Amino acid sequence: MKTLGIVGSRGHVGQELSALVRAHAGFDVRLAISQRDGISPEQVASERLDAYVLALPNGAAAPYVAAITDARKGSVIVDLSADYRFTEDWVYGQPERLRAKIIGATRIANPGCYATASELALAPLVDLFDAPPSVFGVSGYSGAGTTPSPRNDPEVLRDNLLPYALTTHVHEREISRQLGRRVFFLPHVASFFRGLTVTASVSFAAPQERESLAARYRAAYANEPLVVLQKDAPLVRDIANRHHVALGGLEVSSDGKHAAIVATIDNLLGGAATQAVRNLNLALGYPENRGVSLADIPHAAPL
């Protein structure tokens, strides 16, 4: 058993994470608190646990990281905010692409939900791009967190689609950094609660055949049970409460120089809590998918 603490356990993601780790059977959850509980970073660190997950708003993680490092440098920290996704000495926690680096790591930056879906959708084709891809994203309002704002107000969102941060979203920078190519990202929030969809539009210098592109996806994710490839475009309602990302709806223009593909993911699970559990497992020596149910992974028509 590994001792574990969760800071931010009452947010949307924190609640999902708490449920997963309590059912894991490999974690002794010694600490599960909200920032509002008034427990200082030093008190959190004094528990000297094997691992901590920080499920806090952007900008709030640093005092906890410093205190935990001072108390027990070898403790594993998985941070769910964007605070360390651009820091060289933290490992970016996307198992499908960076599994070898995550194994045994002690500082892991969990990817963003939009970024996870977008990166997995684009990565197999990145060497073919002749211009920055454009990614159109729509998320449920749970992605805006629990602090009241227009982006999580059901009345504002009723019969509505709300664009925001169209040139400045942190995930645009995150996706571009991870793929090593500039990417344009256009986020929106809708009136459903959980799940998100992204449609990636890409262009090629040389004409491509649909089958050759599909083969790239099959090769990239052949051994990834939490990446489902399907012929039809995946739907948000089908991904809710599931752990995987679904990729499908691949289309190629008649001249072969333009393609589009759709990805969906549950922003609270596959895009956050599930990845955090997988990262903990890899860091602490457990099987990667321990505590993550694979029973409801669909067997769709191949891409």
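Helices here are DSSP runs of H or I with at least four residues, strands are runs of E with at least two, and both are numbered from the N terminus. The model you are looking at is predicted, so local features need pLDDT of at least 70 and side-chain atom pairs count only at pLDDT 80 or more, while totals for chains, interfaces and linings use all residues. Residues are numbered from 1 along each chain as its sequence is written, and side-chain values use heavy atoms, with hydrogens and water left out.

Let's start with a pair of helices. The axes of H1 (residues 12–22) and H10 (residues 269–284) come within 9 Å and cross at roughly 40°; axes are lines fitted to C-alpha atoms, for helices over the stretch in contact, and angles run from 0 to 180 degrees between N-to-C directions. That makes H1 oblique to H10, oblique being what is left once angles under 35 degrees (roughly parallel), over 145 (roughly antiparallel) and 65 to 115 (roughly perpendicular) are set aside. On the H1 side, the contact (heavy atoms within 4.5 Å) is made by Val13, Glu16, Leu17, Leu20 and Val21. H10 brings Leu269, Ala272, Ala273, Thr274, Ala276 and Val277. By class, that is nine nonpolar residues, one polar and one charged, where Ala, Val, Leu, Ile, Met, Phe, Trp, Tyr, Cys and Pro count as nonpolar, Asp, Glu, Lys and Arg as charged, and the others, Gly among them, as polar.

On a 1 Å grid over the protein atoms alone, a cavity is a set of points where a 1.4 Å probe fits but cannot get out; a pocket is an open set with protein on both sides within 12 Å along at least five of seven lines, and lining residues have an atom within 4 Å of a point. The largest cavity holds about 60 Å³ of space. H10 gives the largest share of its lining, four residues, and H5 (113–122) also supplies at least two. Among the lining residues are Glu96, His243, His244, Thr274 and Arg278.

The largest pocket has a volume of about 1,100 Å³. It is lined by 42 residues, and Leu56, Pro57, Gly143, Ala144 and Gly145 are the closest to its centre. H1 gives the most to this lining, with three residues. The lining divides into 16 nonpolar, 22 polar and four charged residues.

Finally, the second largest pocket has a volume of about 180 Å³. Its lining includes Tyr84, Trp90, Lys101 and Arg177, and six nonpolar, two polar and four charged residues make it up.

Notes. Grid points are joined across faces, edges and corners, and a volume is the space filled by probe spheres set on the points.
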